[in-house]
Amino acid sequence: MIKISDISVCVLEQKVTTKIGFLLFPGFPMSCLTSVIEPLRAANEISGTSAFEWCLVGETLDRIESSAGIVFAPEFSLEAANRLSYLLVLAAPSVQFTDNRTTSRLRKIERHGCKLGAISGGVFPLARSGIVDHERLSVHWCYELAFAAEFPHMDRSSNVIEISKRHVTASGAAAAFDLALWMIEESLNEDVANEVACWFQHPVIRKLGVKQSVPVEKFDCEASNVSSIVKQAIAIFSEDLSLPVSVADIAGQVNLSPRHLERVFKHSTGQNPSGYFRHLRMKAARQIIMYTNDSIGDVAAAVGYASEKPFIKQYRSTFGVAPQDDRKRINLYRVESNRPVPSV
């Protein structure tokens, strides 16, 4: 006698296998790799099928060192990779393609029906390829300003994952797990995806439209005890940090006097608006210093300083080091030792 459960398994086995390739570059975050592979492996076990396969891909077959120092050997070169459902780029944000044929090979793979994507810092080399010029890309919050500086016309997103007809992007390792759960639901069903999430004690399945969690600045600007006027003022200031907006300008936009805005801001946050906005500019500047090679003058302009001198003075006051020296320290990893900048 044939059981209903046997029939359901047979139906699952008839589905086309989804094959995911991971295009690895030096310094890629290893957690982003395992955060996709492990839930897919579990989905195969739970469903009793081979619904998913995966492989490691490199520009060449040379071994690739992850951000954790663990070395991986690609199974295929990019030239030999084919019949993939997805090809996900995993890289540190500073990565450049070493083979000038990589972009044309990616385009060829995409033309054959493969959906390209990236996780975490991998969004940078994917964007540099020019293949995803007109689609929203999920960008990790710690890379957001550096990404905006390098790709000012690209549509970046603060959502955990972004999925379109042609491309998929995930902001970090936990987001990669959510991307894997989405793949499982698409290829198998929601019940299997839910069981996989429970296997790994992944408490909430974050689907499309969910914003990333970000650190807060000494207070939670979304908290109920924070004045709506203060929230509005912060939103106005944060909209474009390159504009040298004064407290008086913002006060005018929220229909308060500068003195009244300062009192409201101090009452809600314990800080004055000038100090808060200055610190926000410096945090943004450090992102650009760390993840780009922009000149100090360009960094200063990007965060609203008309000249380098006051910018450098404030940077040193905030971080205890001049921006040039901060970048040199980072470059010990990025250039002198030929290692990537930090990956998430």
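Two rings of Phe, Tyr or Trp (its six-membered ring) pair if their centres lie within 6.5 Å, with planes under 30 degrees apart counted as stacked, over 60 as edge-to-face and the rest as tilted. This is a predicted model, so local features need pLDDT of at least 70 and side-chain atom pairs count only at pLDDT 80 or more, while totals for chains, interfaces and linings use all residues. Residues are numbered from 1 along each chain as its sequence is written, and side-chain values use heavy atoms, leaving out hydrogens and water.

**View A. Ring pairs join Phe124, Tyr143, Phe147 and Phe151 into a cluster.** Phe124 counts as buried because its relative accessibility is 0%; buried means under 20% relative accessible area, exposed over 50%, partly exposed in between (1.4 Å probe, protein chains only). Phe147 and Phe151 make a tilted pair, 4.7 Å centre to centre and 50° between the planes.

**View B. The largest nonpolar core has 40 residues.** Such a core is a set of buried Ala, Val, Leu, Ile, Met, Phe, Trp, Tyr and Cys residues joined through side-chain atoms within 4.5 Å. Phe22, Leu90 and Ile184 are among those with the most contacts inside it. Helix α6 gives the largest share, 10 residues.

**View C. The charged end of Arg286 sits over the ring of Phe319.** The distance to the ring centre is 4.5 Å; the criterion is NZ of Lys or CZ of Arg within 6 Å of the ring centre and within 35 degrees of the ring normal.

Notes: Helix = DSSP H or I, 4+ residues; strand = E, 2+ residues; numbered from the N terminus.
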